[in-house]
Amino acid sequence: HQMSYAVPQVVDYMLARARASAENEPDGFGYFLNRDPGLVLFEPATAEGFKERYGVDPRGLPDRDKRLLSWRADIVTRFLRKVRSTLDEVAQRRGCERIKMVMVVLGNQSANRFFSFDVERWVSEGLVDVLCPYPWCDYPDRWLAQGFVDADVKYFARLVRGTRCKLYPMWLAGIWRSHWTPEHVRMNEYFTKAMRDYADGA
């Protein structure tokens, strides 16, 4: 598993990495949040803060308790605010253009909410410049899920409408852990997906 973003030392370490990357004046910087997305779970730092606020040990709650989901989402959003501030500070000091924040997120609202990704708030606060929904969504038994579905492009299009955030849905080239279809065989399918995603607001 990965380090918890509820731990201050982890946040400091990740911000130092973001700053080091920004010093090279890249066009963009971001995170692939679809890669093992449990950034905040039941670590001591998370559990202690939650218990102090709500008076309940989160380890005894259902994993979809609304208080728990909101608590985790706040932790991740606070981190991203610091990343955005770090990128802006470096860009201003070096006299370069805004470094775009590029975020690969999960494919629908419920999956992002469950894994602490408050995409709506990120877009409304201007934290993210490019949003890339990945075609993995929420399953009741998520650890056994082997299938993928198309991202909910209409949902994400509503989020970015009227903002400067760009939407670029992601596709998969084959079926995960099963078989991979040669790219040239599926070109018609890709064209169809592209036309559908454009129609939905991408």
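This is a predicted model: local features need pLDDT of at least 70, side-chain atom pairs count only at pLDDT 80 or more; totals for chains, interfaces and linings use all residues.
Residues are numbered from 1 along each chain as its sequence is written, and side-chain values use heavy atoms, with hydrogens and water left out.

**Exercise 1. Determine the strand order of the sheet, and state which strands are the edge strands.**

Step 1. Helices (H or I, at least four residues) and strands (E, at least two) are taken as DSSP runs numbered from the N terminus, and the protein chain has seven helices and four strands.

Step 2. Two strands pair if DSSP finds at least two bridges between them; the four strands form an open sheet in the order E1-E2-E3-E4, with parallel pairing. The edge strands, each pairing on one side only, are E1 (28-32) and E4 (166-167).

Step 3. E1 runs parallel to E2 (residues 100-105) and is joined to E2 by five bridges, and the bridge partner of Phe32 in E2 is Val104.

Step 4. Helix H3 (residues 66-94) lies across E1 and E2, running at about 150 degrees to E2, where axes are lines fitted to C-alpha atoms, for helices over the stretch in contact, and angles run from 0 to 180 degrees between N-to-C directions.

**Exercise 2. Explain why helix H6 (residues 153-160) is described as largely enclosed by the rest of the structure.**

Step 1. Buried means under 20% relative accessible area, computed with a 1.4 Å probe on protein chains only; Val153, Tyr155, Phe156, Ala157, Leu159 and Val160 are the buried residues of H6.

Step 2. Because six of the eight residues of H6 are buried, the helix is largely enclosed by the rest of the structure.

Step 3. The cover over these buried residues, with contact meaning heavy atoms within 4.5 Å, includes E2, H4 (109-114), H5 (119-124), E3 (130-133), E4 and H7.

**Exercise 3. Find the volume of the largest cavity and classify the residues that line it.**

Step 1. On a 1 Å grid over the protein atoms alone, a cavity is a set of points where a 1.4 Å probe fits but cannot get out, and lining residues have an atom within 4 Å of a point.

Step 2. A search of the whole structure finds one cavity of 30 Å³ or more, and the largest cavity has a volume of about 60 Å³, a volume being the space filled by probe spheres set on the points.

Step 3. The lining includes Pro135, Asp150, Val153, Trp171 and Arg196, and its largest share, three residues, comes from H7 (residues 187-200).

Step 4. The lining divides into seven nonpolar, no polar and four charged residues, with Asp, Glu, Lys and Arg counted as charged.

Note on methods: On a 1 Å grid over the protein atoms alone, a cavity is a set of points where a 1.4 Å probe fits but cannot get out, and a pocket is an open set with protein on both sides within 12 Å along at least five of seven lines; lining residues have an atom within 4 Å of a point. Buried means under 20% relative accessible area, exposed over 50%, partly exposed in between (1.4 Å probe, protein chains only).
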